[in-house]
Amino acid sequence: MKPEYDVVVVGAGIAGCLAATALGNHAKESKVLLIDRNPRTEPGKKTPLGWICGDAMNATHAEFVHERLGITFGPPEIENHVDSVVVCSPDKKVSHPIEGSGFLLDRPKFARRLLNEALRTGIEYQDKTQAVGLLTEGDSVTGVVCQIQEGGHTQSRKITSRIVIDASGMSTVLRRNLAVRSYIEKEIHKDDVEPTIRMNARLADDSKVDASRCEIYLDSEKAPGGYLWIFPKSSTKVNLGLGVQQRRSDKPLDTLLKEWIADTPVLRGLTPLEDDGNAPGAWPVSVRHQNDSLVANGFMIVGDAGWFPNPISAGGIGPAMTGGVIAGEVAATALQSGDVSEANLWEYNTRYVEEYGKKSAALEAFRIYLQTLNNSELNYGLRNFVTNKEAVAFTFGEIPEMSLADKIVKVALGLGKLTAFRNLAFSVSKMNALNQLYGEYPKTPSDFGEWKKKADALLNEVRARFR
Ligand SMILES: Cc1cc2nc3c(=O)[nH]c(=O)nc-3n(C[C@H](O)[C@H](O)[C@H](O)COP(=O)(O)OP(=O)(O)OC[C@H]3O[C@@H](n4cnc5c(N)ncnc54)[C@H](O)[C@@H]3O)c2cc1C
């Protein structure tokens, strides 16, 4: 029987809306359905509390979307422009500015803008529709099983389609329960997930921040294994929050947040905001590299469902946008060729790795190392060891041009810091190897098995040393 749809996109967040828009543009003859469990006015709302996010994004991702889809973002979905992110040491004596244009988003407005862009292309949309499972035949995904809320009742419905795109975020049940043969990893290790809390807030009358820069604070006591942030929506309105590695933290997130606010002069006396149904709240973010394969027969994963956020910054808006566009473009080409097999969708893997994912595994290795450092080592390293140029390079997953071994020995010998910096040298060598390996990402599924063994072996060496 002919499937009802060519593509069903599950989740109308950032990744899903952009995948649907790219499909609407490139597969005009195809029937595309976008579904979300939320009401129509709340696409992308992660929990009943709100669009839980730090709301900061790098301008380069908006440029990518503009180039590929012709969409230009501006007010009201962009609330503020910044020109740098400043990373501060725990003792606040050192700060490394990372220059680069970025935006602070009004997340509910951004979400509605993305949905409207998808709808303008003529795709169908169904709200209050929650995917609870996949339909399969043999080794192929053939649709979704949904629960639809209608007039106070919940109805179960099967929707058949040639391709299902899972853009349902961190809580996905589709990837987790995938029952067809594929290279997609189904589960994430708990150490690769950071519980994260954030609020939008108005500062007290006598407090102001510099509205041109985002601030990130490394602090292994106030945010063990993660970081704290203050991102300006204006000089008097901020998005602030923190993320931790669960096993390093024994305090609830809201306690850590309250203690930090009480301890930080510029935050004292702030008023939490709940505008537009966007209240303070917590949600998990993945901090590992993307799933090494994002496709199966008739199935693709994108955004948080595919662990796209940057392993160091946890920034997932940009990769969700980039991945969403590429997934939609590749799905459109596959539909036109009449072949939605894993092999024919594989181009999505290669293009995503090339465009964004190739540095993620190296960043994951660096993140695992960073999480082992205490405040004294972080203070020391940022002050004496890492120059601004090197800090910037690390942030982008690049390997700084320096003779690490020489520098480690020279700076750290005799100061009791040698182990931490030997560990850095080890991490950098693994980052190098990972960057090289991801530069050779397999062009076809048949080469994947051997390549994956090497990737896993490298990351396992890093985990074995630091976990
Ligand atoms: C506290 C916090 C701070 C962050 N700060 C930043 C930041 O400053 N910058 C940045 O770049 N990134 C940040 N991130 C990450 C960023 O928010 C995510 O990476 C991004 O939202 C991912 O988009 P997505 O479309 O993949 O998923 P989501 O935004 O989670 O959207 C998923 C959509 O799927 C829907 N859905 C879920 N399950 C189903 C289902 N079964 N059926 C139907 N629909 C379903 C949901 O309703 C939602 O609309 C932060 C994350 C957190 C938690």
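Author: In this predicted model, the second largest pocket has a volume of about 190 Å³. Its lining is made up of Met1, Lys2, Pro3, Glu4, Glu137, Val141, Thr142, Thr160, Ser161 and Arg162, and the elements that give two or more residues to that lining are strand S8 (140-150) and strand S9 (153-166). Strand S9 supplies the largest share, three residues. Sorted by class, the lining of this pocket holds three nonpolar, three polar and four charged residues.

Turning to the ligand, 38 residues surround it, and the closest are Asp36, Lys46, Gly54, Ala56 and Asp304. The shell around the ligand divides into 17 nonpolar, 13 polar and eight charged residues. At least two residues of the shell come from each of helix H1 (14-26), strand S7 (129-137), strand S10 (193-202), strand S12 (227-232), strand S15 (281-286) and helix H5 (317-337), with S7 giving the most, three residues.

A backbone N or O atom of Ala15 lies 3.0 Å from an oxygen atom of the ligand, while an N or O atom in the side chain of Arg107 is 2.7 Å from an oxygen atom of the ligand. A nitrogen atom of the ligand, in turn, is 2.9 Å from a backbone N or O atom of Gly316. Taken alone, the ligand exposes 1,000 Å², of which the protein buries 96%.

Definitions and conventions
Residues are numbered from 1 along each chain as its sequence is written. This is a predicted model: local features need pLDDT of at least 70, side-chain atom pairs count only at pLDDT 80 or more; totals for chains, interfaces and linings use all residues. Side-chain values use heavy atoms; hydrogens and water are left out. A residue is near a molecule or strand if one of its heavy atoms lies within 4 Å of it. A polar contact is a pair of N or O atoms within 3.5 Å; within protein, one must be able to donate a hydrogen and the other to accept it, and residues adjacent in sequence count only if both atoms are side-chain atoms. Accessible areas come from the Shrake-Rupley method with a 1.4 Å probe; for residues, only the protein chains shown count as cover. Helices (H or I, at least four residues) and strands (E, at least two) are DSSP runs, numbered from the N terminus. Ala, Val, Leu, Ile, Met, Phe, Trp, Tyr, Cys and Pro count as nonpolar, Asp, Glu, Lys and Arg as charged, and the others, Gly among them, as polar. On a 1 Å grid over the protein atoms alone, a cavity is a set of points where a 1.4 Å probe fits but cannot get out, and a pocket is an open set with protein on both sides within 12 Å along at least five of seven lines; lining residues have an atom within 4 Å of a point. Grid points are joined across faces, edges and corners, and a volume is the space filled by probe spheres set on the points.
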